[in-house]
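This report describes a protein model together with its ligands. Please keep the sequence and the structure in view while reading.

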Amino acid sequence: MDMQDIPDTDPQETQEWLEALDGVLKHEGAHRAHFLLEQLVDKARRSGAYIPFSANTAYINTIPSQLEEHSPGDAEIEHRIRSYVRWNAMAMVIRANKHTNVGGHIASFASAATLYDVGFNHFWRAQTDTFGGDLVFVQGHSAPGVYARAFMLGRLTNEQMDNFRQEVDGKGLSSYPHPWLMPDFWQFPTVSMGLGPLMAIYQARFMRYLKDRGFLEAQGRKTWAFMGDGEMDEPESLGAISLAGREKLDNLIFVINCNLQRLDGPVRGNGKIIQELESDFRGAGWNVIKVIWGGYWEPLFMRDTKGILLKRMAECVDGEYQTFKSKDGAYVRKHFFGKYPELLEMVSTMTDDDIWRLNRGGHDPHKVYAAYAAAMKHTGQPTVILAKTIKGYGMGESGESQNITHQQKKMGTSSIKAFRDRFAIPVPDDKLEEAPYVNFPEGSPELKYMHERRQALGGYQPARRRKAEPLEIPPLSAFETLLKASGAGRELSTTMAFVRILTMLVRDKKIGKFVVPIVPDESRTFGMEGMFRQLGIYSHVGQLYTPQDADQLMFYKEDQKGQVLQEGINEPGAMSSWIAAATSYSTHGISMIPFYIYYSMFGFQRVGDLAWAAGDMRARGFLLGGTAGRTTLNGEGLQHEDGHSHLLAATIPNCVAYDPTYAYELAVIIQDGLRRMYQEQEDVYYYITVMNENYEHPAMPEGVEKGILKGMYLLREGKSKKNAPKVQLLGSGTILREVIAGADLLEKDFGIAADIWSVTSFNELRRDGLDVQRWNMLHPEAAPRVSHVETCLKDREGPVIASTDYMKMFADQVRSFLPTHHFHALGADGFGRSDTREKLRQFFEVDRNYVAVAAMKALADMELVPRKKVTEAIKKYRIDPEKPNPTTV
Ligand SMILES: Cc1ncc(C[n+]2csc(CCOP(=O)(O)OP(=O)(O)O)c2C)c(N)n1
Ligand SMILES: [Mg+2]
């Protein structure tokens, strides 16, 4: 009962107590009052009153046995199935490591087998024509157990099983859940610890967003996420649980496998991970179901009238619990029960084997079933199931509860034999060493049962959908206003151009509703606040207050049908929302078009691991690195000025990145991205930097679209006087404008003509160049292919100077494809700092003057101008040759 629900049956008495407290507060202070209150609560508790004062409950199962829902399944058959799955999961790791050293894990799944088995047999519903399917995040290194079951169901072959972790020849199984490698099987990559729990919360949230916006019915679909207790150390694992609680995501179920161990040793040897997590999750508003003890303990609990057994359970720390299960029944009798004579007496009629059989909750299918059933029914809160298990369960001396168990990928024959005996696997002694796979014969009750259970749940899992209905993408002409010149004196930034494009897209009759704008509390930074009113900010409960700016045109409108996801100051969360939207084509069969815009500095380097997972998941969507460029975001200084996000983007194989300068370039890039991702359904995603520097934008020159998409095109041809030296100036983003100004200086001051190239993507140029280089190496006698960058520059005279607002390495990416050109890259290496753009560009040596000097120096190196001309340029542009290198200050 909540405090406020308790009636005051004796107000006068209440008053007396309150006055007494007042007196203490007045005369002895708050500390004394606190002390007395604690004493009272303590006394009340010890006197038998139940006062729910802390976020923790007793160290027992949350669901009392008389309230457990019973499984309708056949426990005997399920036990046999589970035993075979266990064996095959172990066997595939052992077999893979017989002749290779590819690794694998046995102990984790061994502890989790029951948790998965109950789910597969009774709870996880597949995607069908009429049902969307449950989403299941499998703990990464428990993958062998999932393969083992799929194998027994005929979904994987012997050969695939034997090629666990040997994928290169195409018939293997990936080490962990990777949609990139097994695109029909795995949905969610989880093995980077912490990302699974975080992404699962946002998947559940996005499923509700789709429902609230009318894209799908809820259908009682759930997101299940499995994770290890060690994994909960990751800040990401717990980092978003308050969102799930606050938003009452009752479509979300976490299962934390508390086997008390991580890789090196105990998770909380000196404490209790289950109790710690209970209070974390309760505090965050979750429904917590603890599954600590298995059914064999039941008779002992009945006899524990004085609560001594409970006291012993509560005082014992996880380190001890682990040690017990690494020993035997005699040891447990002596060290657990032996502490109190009453407990020793309690187990006096039990043999050591009986004591050893006292099981943990996560290994009792009845307890697990009851917990899952309760979680399915629970409304108004997400549920976390804290299941206590034993790491390496069944591995015996090879690993059960041993600190070394996590990395065991081999087992001695005697351990394999013990494993076989324990789980009654029909493998003869002389075959033990090779650990053959076992299966139930066609027509056997077990195999029939396995198939029937899955049929009843709609089909097999895991399974992943690769494509959805293509969307009808607007033609480039739909963005016509952006293809025209902005007009004299009409200055705008690429960020503003982007917001215009986004506005046009959300108004598009065909695809507008699929657009999902996502911001981490930066809408105003990017001039997107107009969307608050226009589209609404998604909130499941709508808006329960009158916004402060209700009388304004663009008020802060929260709405259950809101389209914008305003994630708060939370880049990992916003990125997870983006991933959920970007994979909606697969998880829900509905292609959503997410545009996530953020400070580019808080992108890849902040959430790089999620960006990597997004690539693995074949996410399709747009990331917009706002306020980009080391010298373009001027005032914000070292922590904000991004000079490397493109290089980080380049590390993700299917991330296509652009650094455009003009509105028309942006329009061409976004339109083509839409076409590739939502029409052609290519598994790529886009990273585009947009800047906050205002300038005029020219009209799109004729025929440049292809070049824009390939990564570069000729923007301006240099007008050369006869025999005057020429240079090739490349530039991207806002620095392209410095390049143009530099070309003007060269022409005016030194009579040098410059061809100017707008490079929209050094990353794409490099990928194309590498691909061509590779092909040419492998086809030495064929007519060589030519990369796009070389095609552009091969017949052009003079050195190449490439300038960007990013580290020099960014432009340097194309160097090796221009072997006959003199090449020099300018870029902003070093820590940023706050100042004006002009000063910053001077400091980082990427302004027009440096472009001109770099060109002169390159010409001098090629003996096309005398060296003293370079000195002249340095003087003319007032550059201090002794200025320190910006990377050193
Ligand atoms: C971010 C990250 N760091 C480290 C690892 C390496 N790693 C894989 S499993 C593991 C231990 C996992 O322990 P726990 O979460 O308790 O899972 P269990 O195997 O006990 O079920 C570690 C450290 C990883 N996969 N991801
Ligand atoms: Mg663990």
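A residue is called buried when its relative accessible area is under 20%, exposed when that area is over 50%, and partly exposed in between, using a 1.4 Å probe and counting protein chains only. The model is predicted: local features need pLDDT of at least 70, side-chain atom pairs count only at pLDDT 80 or more, and totals for chains, interfaces and linings use all residues. Residues are numbered from 1 along each chain as its sequence is written, chains are lettered from A and ligands numbered from 1 in the order in which they are written, and side-chain values use heavy atoms, with hydrogens and water left out.

Asn 259 counts as buried because its relative accessibility is 6%. Gln 261 is likewise buried, with a relative accessible area of 1%.

**Ligand 1**

Ligand 1 is surrounded by 18 residues, and the closest are Ser 108, His 141, Val 191, Gly 230 and Lys 391. Here a residue is near a molecule if one of its heavy atoms lies within 4 Å of it. The shell consists of three nonpolar, 10 polar and five charged residues. In this division Ala, Val, Leu, Ile, Met, Phe, Trp, Tyr, Cys and Pro count as nonpolar, Asp, Glu, Lys and Arg as charged, and the others, Gly among them, as polar.

The table lists polar contacts, each a pair of N or O atoms within 3.5 Å.

| Residue | Protein atom (N or O) | Distance to an oxygen atom of ligand 1 |
|---|---|---|
| Ser 108 | side chain | 2.5 Å |
| Gly 230 | backbone | 2.8 Å |
| Gln 261 | backbone | 2.9 Å |

Taken alone, ligand 1 exposes 590 Å², of which the protein buries 75%. Such accessible areas come from the Shrake-Rupley method with a 1.4 Å probe.

**Helix H28**

Helices (H or I, at least four residues) and strands (E, at least two) are DSSP runs, numbered from the N terminus. Helix H28 comprises 16 residues, 735-750, and reaches 21 Å from its first C-alpha to its last, close to the 22 Å expected at 1.5 Å a residue. The expected span is 1.5 Å times one less than the number of residues. Among the buried residues of H28 are Ile 735, Leu 736, Val 739, Ile 740, Leu 746 and Phe 750. Just after H28, Gly 751 takes a positive phi of about 65°.

**Backbone features in loops**

Which residues other than glycine have a positive phi? Ala 424 has a phi near 50°, and Ala 435 has a phi of about 45°. Ala 424 lies in the loop between helix H17 (413-423) and H18, and Ala 435 also lies in the loop between H17 and H18. Are they buried or exposed? Ala 424 is exposed, with a relative accessible area of 58%, whereas Ala 435 is buried at 0% relative accessibility.

The peptide bond from Gln 461 to Pro 462 is cis, with omega near -5°. Pro 462 belongs to the loop between helix H18 (445-456) and helix H19 (480-483).

How values were computed
Polar contact = N/O pair within 3.5 Å; in protein donor to acceptor, adjacent residues only side chain to side chain.
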